[in-house]
Amino acid sequence: MDSPVVLGIESSCDETGAGLVREGRLLGHAVASSMDEHARYGGVVPEIAARAHVHALTPVVRRALDEAGLRMSDIGAVAVTTGPGLSGALQVGLAGAKSLAYALDVPLYGVHHLAGHVAADTLEHGPLPDPCMVLIVSGGHTSLLLVRDLARDPIVHLGDTLDDAAGECFDKVARVFGLPYPGGPAIDRAAREGDPAAVPFPRPLTGPRDTPYAFSFSGLKTAAARWAEGHAGRPLPVADGAASLQEAVADVLTRKAVAACREYGVGTLVVVGGVAANSRVRALAEERCRAAGVTLRVPPLRLCTDNGAMIAAVGDLLVRAGAEPAPLNVSIDPSAPLEFASLNPLGARGGARAAA
């Protein structure tokens, strides 16, 4: 019997996403962003994001169905981000997913947002090798993970950010440099005209006595701000500053990720999350992986940022692994740690492990 079509719903921040996946194949997806509404404030405003999800959710689901050439009745399971993320935003997505699952009489799966980013790569490059190293880099998260069977096995954290995430560093420095929000794409664009060696920004936590796989970008953010302050009364060489900052971030991320691959004998590195769209991060990861004999996998740009397809991909893996669905009274967890791909009660997690 064929696996069901899984609808995935993502609403953890400022993108409302819906995607449809069956047996590892992306059938259709759509995303609506409220980013323009947040830009005037220089960051995401939770109340605005939640209200935008309310307006966008139904149209986004319909657009995804239209792209796939499917009807609502073709959906056989629903997966939804239940954490981490903005509380109000998550509540909107979960309420919509519960309504659909109940109306269609299909199982519901609660999914960890970061597991979705990991699974996004499977929609382009097929199943993840077991094991693989995963570097998640986004506005709120920077983590280095050892991943085996994403649907069944616990996810091993080798290192996480101790303060600012890489994307958060880009956003905050961009504001100091007078660049628009979101800062990541703005830094990337400005860096094209700059010299990456112009400013000797620090490489945090890369010393021999530092925790090998932890990350810290708060000090780098401060160093960039101090450098900009040093140009008071003079034109700020934004392109050089952006290129140098981007080089520092890419250097730290890829250095630690490739070192972890070597230490753990892992032959594949998967780089995911919004910052995986950064051109220098991608280029330096490719260069260092090639030199180390490591296969690099990075999702296409359209699957790097938040989207419903990645949540559907996790739901599809859970369905095929025989994981127990979540109850309809499942709740959100805005600060959920990444331990398993599913964010269900312990009994459901046990069901997923037992299926192995």
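Five strands form an open sheet of mixed pairing, in the order S8-S7-S6-S9-S10. Strands here are DSSP E runs of at least two residues, helices are H or I runs of at least four, and both are numbered from the N terminus. Two strands count as paired if DSSP finds at least two bridges between them. The edges are strand S8 (156-160) and strand S10 (295-297), each of which pairs on one side only. Neighbouring strands of this sheet are turned by 20° against each other on average, direction ignored. Angles run from 0 to 180 degrees between N-to-C directions, and axes are lines fitted to C-alpha atoms, for helices over the stretch in contact.

The model is predicted: local features need pLDDT of at least 70, side-chain atom pairs count only at pLDDT 80 or more, and totals for chains, interfaces and linings use all residues. Residues are numbered from 1 along each chain as its sequence is written, and side-chain values use heavy atoms, with hydrogens and water left out.

Leu 144 has Gly 159 in S8 as its bridge partner. Helix H9 (residues 238-264) lies across strand S6 (132-137), S7, S8 and strand S9 (268-272). The helix runs at about 160° to S6. Contact means heavy atoms within 4.5 Å.

A further open sheet has five strands in the order S3-S2-S1-S4-S5, again with mixed pairing. Strand S3 (25-33) and strand S5 (108-112) stand at its edges. Each has a single partner strand, so one side of each is left without a neighbour in the sheet. Strand S1 (residues 5-10) and strand S4 (residues 75-83) run parallel and are joined by five bridges. Gly 8 stands opposite Ala 79 in S4. Helix H2 (residues 46-68) packs on this sheet and touches S1, S2, S3 and S4. The direction of H2 makes about 150° with that of S3. Helix H4 (residues 113-120) also packs on the sheet, touching S1, S4 and S5. The direction of H4 makes about 90° with that of S5.

Thr 16 is found in strand S2 (residues 15-22). Thr 16 counts as buried, at 3% relative accessibility. Buried means under 20% relative accessible area, exposed over 50%, and partly exposed in between (1.4 Å probe, protein chains only). The side chains of Thr 16 and His 53 are joined by a polar contact of 2.6 Å. Such a contact is a pair of N or O atoms within 3.5 Å; within protein, one must be able to donate a hydrogen and the other to accept it, and residues adjacent in sequence count only if both atoms are side-chain atoms. Leaving aside residues up to four places away in sequence, Thr 16 touches several residues, among them Glu 10, Val 31, His 53 and Val 60.

Val 45 lies in the loop between helix H1 (35-39) and H2. At 21% relative accessibility, Val 45 counts as partly exposed. Val 45 and Cys 13 are 32 residues apart along the chain, and their C-alpha atoms are separated by 9.3 Å.

Four aromatic pairs are found in a search of the whole structure. Rings of Phe, Tyr and Trp (its six-membered ring) pair if their centres lie within 6.5 Å; planes under 30 degrees apart count as stacked, over 60 as edge-to-face and the rest as tilted. Phe 177 and Trp 227 form an edge-to-face pair, because their ring centres are 5.6 Å apart and their planes stand at 65°. Phe 177 lies in the loop between helix H6 (166-176) and helix H7 (183-191), and Trp 227 in helix H8 (residues 218-229), so the pair ties together parts 50 residues apart in sequence. Both Phe 177 and Trp 227 are buried. The pair of Tyr 213 and Tyr 264 is tilted, because the centres are 6.5 Å apart and the planes at 55°. This pair links distant parts of the chain, 51 residues apart: Tyr 213 is in the loop between H7 and H8, and Tyr 264 in helix H9. Tyr 213 is buried, with a relative accessible area of 6%. Tyr 264 counts as partly exposed at 38%. Ring pairs also link Phe 177, Phe 201 and Trp 227 into a cluster.
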